[in-house]
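Please look over the sequence and the model shown here before reading the report that goes with them.

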Amino acid sequence: MRQLIITRQEAGQRLDKLLGKYLNKAPKSFLYKMLRKKNITLNGRKAAGNEQLQEGDEVKLFFSEETFAKFSQVKIQKTDAKLDVIYEDAHVLLMNKPCGILSQKSKDTDISMVEHLISYLLAEGAVTEESLRTFRPSVVNRLDRNTSGILAAGKDLAGAQMLSGLFRDRSLHKYYYCLVKGVLKEKKRISGYLTKDGHLNRVSIHSEASLDDAMSIETEYEPLQTNGEVTLLKVLLVTGRSHQIRAHLSSIGHPIVGDFKYGDPALNAAYEERYRLKSQLLHSGLLVFPELPEPFSYLGGRTFWAPYPKKFSRILKGEGFDAWPLGTRGD
């Protein structure tokens, strides 16, 4: 028999969801059979599985160790990478993702920011290998492998649900900084339609919804500085589609410097020779929270910055720009 006392990280989810994580190799039919036979109980009573768990609830599983070994498996890929933490509290963590690392793994052998996050939380004692059976912290937004900047993660279920809701309803504003070809002088919001080719991992931008799978997009940009050849932009991602900023800016003749998929080959070659640049200069540098109700009112209206990567800063200085405004870590 094993006894599980529901922690703050695990509270808020249904009992059957928790059981599916704890016994992650067991079929659902087995779990519901065990509930019906009272081999799994909640607070000493028979449970149906749809109960919403509260902190302090007691779940008992009357199984043999052989059954646990058969149906429960925890796989942890520990890393020794240092996490660049921008902000952390009991519920959420904001980190600055380097260029060249996946936000989330695409195959089992990948090491992504999620593995770095879990290793960090294990080292600081915020989670244990046992607690990872029933709740696994993860990032709630994604950045392209070669885009740097702010990733948000839920350390517990409540934090993950809150952040996911804000990204889903777009009330949490995400600002990106990029260096683009040409001179832009006015703040502008542009719109269009995006289609994706999954085989080529490439998107196309159209002025009209000519295809059934076309998705409407909106991108807002504000020029910050220019040296007469390239412009530093602050970009608000109004809609969050795959490769949206890169493809949208390229479609209006202002591709991002270093973008070898949507960019200008001659410009990219010049920056590669001058600075050994091999990826797009696109950085998710600013996150602005909306006003929030309890228990997250303390985050309402707060602003968080992620400093530029060293190469981005070095290129800006080399091209006559300053590093404003990404020089600090918090509000």
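The report below moves from the whole chain to its charges, its salt bridges and a few backbone details.

This is a predicted model, in which local features need pLDDT of at least 70 and side-chain atom pairs count only at pLDDT 80 or more, while totals for chains, interfaces and linings use all residues. Residues are numbered from 1 along each chain as its sequence is written, and side-chain values use heavy atoms, with hydrogens and water left out.

## Overall build

The secondary structure of the protein comes to 8 helices and 15 strands, where helices (H or I, at least four residues) and strands (E, at least two) are DSSP runs numbered from the N terminus. Along its principal axes, the C-alpha trace spans about 75 × 45 × 40 Å. Of the 331 residues in the protein, 49% are buried; here buried means under 20% relative accessible area, exposed means over 50%, and partly exposed lies in between, with a 1.4 Å probe and protein chains only. The protein exposes about 16300 Å², of which carbon and sulfur atoms supply 48%, the areas coming from the Shrake-Rupley method with a 1.4 Å probe and, for residues, with only the protein chains shown counting as cover.

Among the contacts in the protein with a separation of 6 or more, 65% are between residues 24 or more positions apart, a contact being heavy atoms within 4.5 Å. L42 counts as buried because its relative accessibility is 9%, and, not counting residues up to four places away in sequence, L42 touches L15, A47, E51, L53, D57, E58 and V59. By contrast, L42 and S284 are 242 residues apart in sequence and 44 Å apart in space, C-alpha to C-alpha.

## Charges and a positive patch

The protein has 49 positive and 39 negative side chains, and the centres of the two sets lie 5 Å apart. In this count Lys and Arg are positive and Asp and Glu negative, whereas His and the chain ends are not counted; the place of a charge is taken as NZ of Lys, CZ of Arg, CG of Asp or CD of Glu.

A positive surface patch is formed by K33, R36, K37, K38 and K46. Patches are made of residues with over 30% relative accessible area and no salt bridge, like charges being joined within 9 Å and nonpolar side chains (Val, Leu, Ile, Met, Phe, Trp, Tyr) within 5 Å.

## Salt bridges

Side chains of opposite charge can pair when their charged atoms come close. A search of the whole structure finds 17 salt bridges, each defined as a side-chain nitrogen of Lys or Arg within 4 Å of a carboxyl oxygen of Asp or Glu.

| Positive residue | Negative residue | Closest N and O atoms |
| R14 | D16 | 2.6 Å |
| R189 | E220 | 3.1 Å |
| K187 | E220 | 3.8 Å |

In the pair of R14 and D16, R14 is partly exposed at 34% relative accessible area, whereas D16 counts as buried at 12%.

How many residues apart in sequence are the parts that K187 and E220 tie together? K187 forms a salt bridge with E220; because K187 lies in the loop between β9 and β10 (188–197) and E220 in strand β12 (residues 215–226), the pair ties together parts that are 33 residues apart in sequence. K187 counts as exposed at 55% relative accessibility, while E220 is buried with a relative accessible area of 16%.

E220 also forms a salt bridge with R189, and this pair links distant parts of the chain, with E220 in strand β12 and R189 in strand β10, 31 residues apart. R189 is partly exposed, with a relative accessible area of 44%. Salt bridges that share partners join K187, R189, E218 and E220 into one network.

## Backbone details

R170 has a positive phi of about 65 degrees although it is not a glycine; R170 is found in the loop between α5 (157–169) and β9 (173–181) and is partly exposed, with a relative accessible area of 41%. R276, likewise not a glycine, has a positive phi of about 60 degrees; R276 lies in the loop between α7 (265–275) and β14 and is exposed, with a relative accessible area of 67%.

The peptide bond from E294 to P295 is cis, with omega near 10 degrees, and P295 is found in the loop between β14 (282–288) and β15 (303–305).
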